[in-house]
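Trainee: Could you walk me through this model before I set anything up with it?
Mentor: Gladly, let's look at it together.

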Amino acid sequence: MQTWLIFSLSFAFLHALCTVFDKHVLKNHNIDPISLSTIRYAINAVIAYILIMFLNGGIGAQITFGIIAISVLYFFAGLTYFYALKFGDVSKLIPYRDAIVVLLSFFLAVVLLSEKFVALDFVGVLVIVIGGYIVWTDG
């Protein structure tokens, strides 16, 4: 099995597990999405900083602005995710959200990163989007 596939499958499993725990916390522990998002990303930042210092010996000042900008985007993405999760079902929200992420990632990669547009890849993206829509609307 290729390394990228192992990492991708590990990410998928861990992300699914986190999603279920996120919904549990929002539903059963009376915490608002802003607090959950803030706490979660603050803990992520501390863990990431420790790993960076331990594994890489630090980060250069040149990429610090990019990291901060990406972190702000992730925070607001997480915030909207937690609000959606608070009011929606995990089994419907995640397939639909992931289908939209696949669609947007495909187009943004072609436009912003100048990646090659491959028609067969686009058909695959459409199949994922249609599948997400079917799950979201109960068929």
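Trainee: Leaving aside neighbours within four places in sequence, which residues is Leu79 in contact with?
Mentor: Leu79 is in contact with Pro33, Ile34 and Ser37 once those neighbours are left aside, where contact means heavy atoms within 4.5 Å. Bear in mind that this is a predicted model, in which local features need pLDDT of at least 70 and side-chain atom pairs count only at pLDDT 80 or more, while totals for chains, interfaces and linings use all residues. Residues are numbered from 1 along each chain as its sequence is written, and side-chain values use heavy atoms, with hydrogens and water left out.

Trainee: Where does Leu79 sit, and is it buried or exposed?
Mentor: Leu79 belongs to helix α3, helices being DSSP runs of H or I with at least four residues, numbered from the N terminus. Leu79 is buried, at a relative accessible area of 14%; buried means under 20%, exposed over 50% and partly exposed in between, with a 1.4 Å probe and protein chains only.

Trainee: And how far is Leu79 from Ser35 in space?
Mentor: C-alpha to C-alpha, the two are 9.1 Å apart, although 44 residues separate Leu79 and Ser35 in sequence.

Trainee: What makes up the largest nonpolar core?
Mentor: Seven residues do: Leu26, Leu36, Tyr81, Phe82, Leu85, Leu93 and Ile94. At least two residues of this core come from each of α3 (61-87) and α4 (90-112), and α3 gives the largest share, three residues. A nonpolar core here is a set of buried Ala, Val, Leu, Ile, Met, Phe, Trp, Tyr and Cys residues joined through side-chain atoms within 4.5 Å.

Trainee: What does Leu36 touch, beyond residues up to four places away in sequence?
Mentor: Leu36 touches Asp22, Val25, Leu26, Ile31 and Phe82.

Trainee: OK, helix packing: at what angle do α1 and α2 cross?
Mentor: Helix α1 (residues 3-28) and helix α2 (residues 33-56) cross at roughly 135°, and their axes come within 11 Å. They are therefore oblique to each other: under 35 degrees counts as roughly parallel, over 145 as roughly antiparallel, 65 to 115 as roughly perpendicular and the rest as oblique. Axes are lines fitted to C-alpha atoms, for helices over the stretch in contact, and angles between N-to-C directions run from 0 to 180 degrees.

Trainee: Which residues meet there?
Mentor: From α1, Cys18, Asp22, Val25 and Leu26 meet Pro33, Leu36 and Arg40 of α2. That contact divides into five nonpolar, no polar and two charged residues, with Ala, Val, Leu, Ile, Met, Phe, Trp, Tyr, Cys and Pro counted as nonpolar, Asp, Glu, Lys and Arg as charged, and the others, Gly among them, as polar.

Trainee: How do α4 and α5 pack?
Mentor: Their axes are 8 Å apart at an angle of about 155°, and α4 and α5 are therefore roughly antiparallel to each other. Among the residues making the contact are Tyr96, Phe106 and Phe107 of α4 and Phe122, Tyr133 and Trp136 of α5. The contact of α4 with α5 comprises 14 nonpolar, two polar and two charged residues.

Trainee: Backbone next: what is phi at Asn30?
Mentor: It is positive, about 50°, although Asn30 is not a glycine. Most residues other than glycine have a negative phi. Asn30 lies in the loop between α1 and α2 and is exposed, with a relative accessible area of 78%.

Trainee: And Ser114, what is phi there?
Mentor: Phi of Ser114 is near 55°, again a positive value in a residue other than glycine. Ser114 sits in the loop between α4 and α5 (119-136), and Ser114 is exposed, at a relative accessible area of 64%.
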